[in-house]
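Please keep the structure in view while reading.

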Amino acid sequence: MKSGCNPGRIVILNGAPRSGKSSIAEAIQETFDGPWMNLGVDAYMERVMPRRCLPGIGLRPGGELPEIEALVPLFYAALYESVAAHSRLGLNVVADVGHHDAYGEPRHILPDCARRLLGLPVLFVGVRCPVETIMERRNRGQPGREGGYLTGSEAEPVPRQVLAWQREVHRPGIYDLAVDTSMMTPDECAALIRKRLEAEPMAPTAFQRLARMASISQPD
Ligand SMILES: Nc1ncnc2c1ncn2[C@@H]1O[C@H](COP(=O)(O)OP(=O)(O)OP(=O)(O)O)[C@@H](O)[C@H]1O
């Protein structure tokens with residue numbers, strides 16, 4: 001830790017694609033005190049990741065791309081070390097991610113990431129959203145991201161990959177706070193997060209609990 005400097009707060013937003021993570025991150029950046037750096041999956045995929053490794057940490061559940069899969073734990077480790085570095089310098093960080101462990105083989109990425117942030121003030125937020133709302137958002141599309149999302153068809157109103165995201169992304173479901181973006185606006189979600197940050201932290205935190213799973217699964 002840089003001497004004389006308190007670590008920056010860290011908010012990790014975990015949810016399926018289209019669940020509303022980026023909108024909450026934006027609300028946090030615009031309304032919370034101090035600078036909040038956004039180091040999530042969007043920034044990493046759009047700017048950092050080499051094209052041939054895409055979708056990288058955005059790789060969806062199902063063990064679809066084994067050649068990329070082996071690199072995903074390393075990409076995540078690098079992202080979280082970067083989050084830790086920002087926090088140790090006193091900068092607040094909000095990061096949107098879509099963690100799951102449904103690769104061709106278990107990778108235990110989330111517990112490893114939690115271990116990397118031990119000792120830092122992390123709030124782990126589950127960004128939940130029912131599949132019907134997810135499909136409305138997918139089918140509506142987004143300018144600039146044309147063709148970027150699977151949509152429903154008559155034969156398959158909810159593609160199996162979308163169902164896989166819904167099933168896998170909130171396992172094991174250990175959070176400090178959960179929000180439902182079908183019930184609240186991004187600003188309301190951000191306000192809830194702010195309230196939680198201002199309250200006394202409850203120990204053990206979600207990341208402390210998850211980090212313990214890393215020490216069980218990875219003996220020294
Ligand atoms: N709380 C909300 N209420 C209503 N609509 C929302 C809400 N949050 C997000 N949306 C809308 O849902 C869509 C997806 O939102 P957003 O980009 O924030 O999600 P995301 O989880 O970051 O998605 P992705 O992982 O695909 O980047 C956008 O069109 C956004 O305007």
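A crossing of two helices is called right-handed if the near helix is turned clockwise from the far one by less than a right angle, and left-handed if anticlockwise. In this predicted model, the crossing of helix 1 and helix 8 is right-handed, and the axes of helix 1 (residues 21-31) and helix 8 (residues 186-198) come within 8 Å of each other, crossing at roughly 65°. On the helix 1 side the meeting residues are Ser23, Ile24, Glu26, Ala27, Ile28 and Thr31, while helix 8 contributes Pro186, Asp187, Cys189, Ala190 and Ile193. Sorted by class, this contact holds seven nonpolar, two polar and two charged residues.

Helix 4 (residues 72-88) and helix 5 (residues 109-116) form another pair, packing at an angle of about 25° with their axes 9 Å apart. Because angles under 35 degrees count as roughly parallel, helix 4 and helix 5 are described as roughly parallel to each other. Their crossing, too, is right-handed, and their contact divides into eight nonpolar, no polar and three charged residues.

The UniProt record, in an unreviewed entry, places a "binding site" at Gly15, Ala16, Pro17, Arg18, Ser19, Gly20, Lys21 and Ser22. Proline 17 lies in the loop between strand 1 (10-14) and helix 1, and arginine 18 lies in the loop between strand 1 and helix 1 as well. The table sets out their surroundings.

| Residue | Other C-beta atoms within 10 Å | Class |
|---|---|---|
| Proline 17 | 19 C-beta atoms | partly exposed |
| Arginine 18 | 20 C-beta atoms | buried |

Leaving aside neighbours up to four places away in sequence, proline 17 touches Gly98, Tyr149 and Trp165, whereas arginine 18 is in contact with Ile134, Arg137, Arg138 and Tyr149.

Methods: Residues are numbered from 1 along each chain as its sequence is written. This is a predicted model: local features need pLDDT of at least 70, side-chain atom pairs count only at pLDDT 80 or more; totals for chains, interfaces and linings use all residues. Axes are lines fitted to C-alpha atoms, for helices over the stretch in contact, and angles run from 0 to 180 degrees between N-to-C directions. Helices (H or I, at least four residues) and strands (E, at least two) are DSSP runs, numbered from the N terminus. Two residues are in contact if their C-beta atoms, placed from the backbone, lie within 7 Å. Ala, Val, Leu, Ile, Met, Phe, Trp, Tyr, Cys and Pro count as nonpolar, Asp, Glu, Lys and Arg as charged, and the others, Gly among them, as polar. Angles under 35 degrees count as roughly parallel, over 145 as roughly antiparallel, 65 to 115 as roughly perpendicular and the rest as oblique. UniProt positions are given in the numbering used here, feature names are shortened, and annotations may be inferred rather than shown by experiment. A residue is buried if 20 or more other C-beta atoms lie within 10 Å of its own, exposed if 12 or fewer, and partly exposed in between; C-beta atoms are placed from the backbone.
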